[in-house]
Amino acid sequence: MEIMLDTANTQSIYSCQQFLNLTGVTTNPTILKKEGASNFFSHMKEIKKMIGQIPIHIQTIGRTEEEMIEDAQVIIEELGKDTFIKVPVNQAGLQAIKKLKKEDYLITGTAIYTELQGYLAINNGVDYIAPYYN
């Protein structure tokens, strides 16, 4: 079983590392805004340093295929090729996923509300799916 934290709170990450075998940390724009980090990439680099070899999953903010691909490129430039790019599984996201996977990006399909979205993400080669359940 894999346990990933969905947070950008460094205190929570540190605390959970004391009693859990974490396999990843994920975040998205809403979580980051809530944290109030003044510099996105500095904050993410701090988290990467904290978690070591554990993967980090960071969501794109673009709405179009092109914007998502551009976001992914910037994230990888700043944080490294071992960073998982979270892409929403909608039509534009599926197009971006398909192209990014051809370039060997690590991809987490996110904003999955239905089984069909999960299947489509898997069909496009995502490494992880992040279904929303509430």
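Asp104 is exposed, with a relative accessible area of 58% (exposed means over 50%, buried under 20%, partly exposed in between, with a 1.4 Å probe and protein chains only). The model is predicted: local features need pLDDT of at least 70, side-chain atom pairs count only at pLDDT 80 or more, and totals for chains, interfaces and linings use all residues. Residues are numbered from 1 along each chain as its sequence is written, and side-chain values use heavy atoms, leaving out hydrogens and water.

**Positive phi**
- Asp104 is not a glycine, yet its phi is positive, about 65°.
- Asp104 sits in the loop between α5 (91-102) and β5 (106-112); helices (H or I, at least four residues) and strands (E, at least two) are DSSP runs, numbered from the N terminus.
- Ala111, also not a glycine, has a positive phi near 60°.
- Ala111 lies in strand β5 and is buried, at a relative accessible area of 16%.

**Helix α3**
- The 12 residues of α3 (residues 40-51) should span 16 Å at 1.5 Å a residue, and the end C-alpha atoms are 17 Å apart, which agrees; the expected span is 1.5 Å times one less than the number of residues.
- Buried in α3 are Phe41, His43, Met44, Ile47, Lys48 and Ile51.
- These residues are on the same side of α3 because they cover an arc of only 160° around the axis, taken from the directions from the helix axis to the C-beta atoms.

**Largest pocket**
- Its lining residues divide into 7 nonpolar, 4 polar and 2 charged (Ala, Val, Leu, Ile, Met, Phe, Trp, Tyr, Cys and Pro count as nonpolar, Asp, Glu, Lys and Arg as charged, and the others, Gly among them, as polar).
- Strand β6 gives the largest share of the lining, 4 residues.
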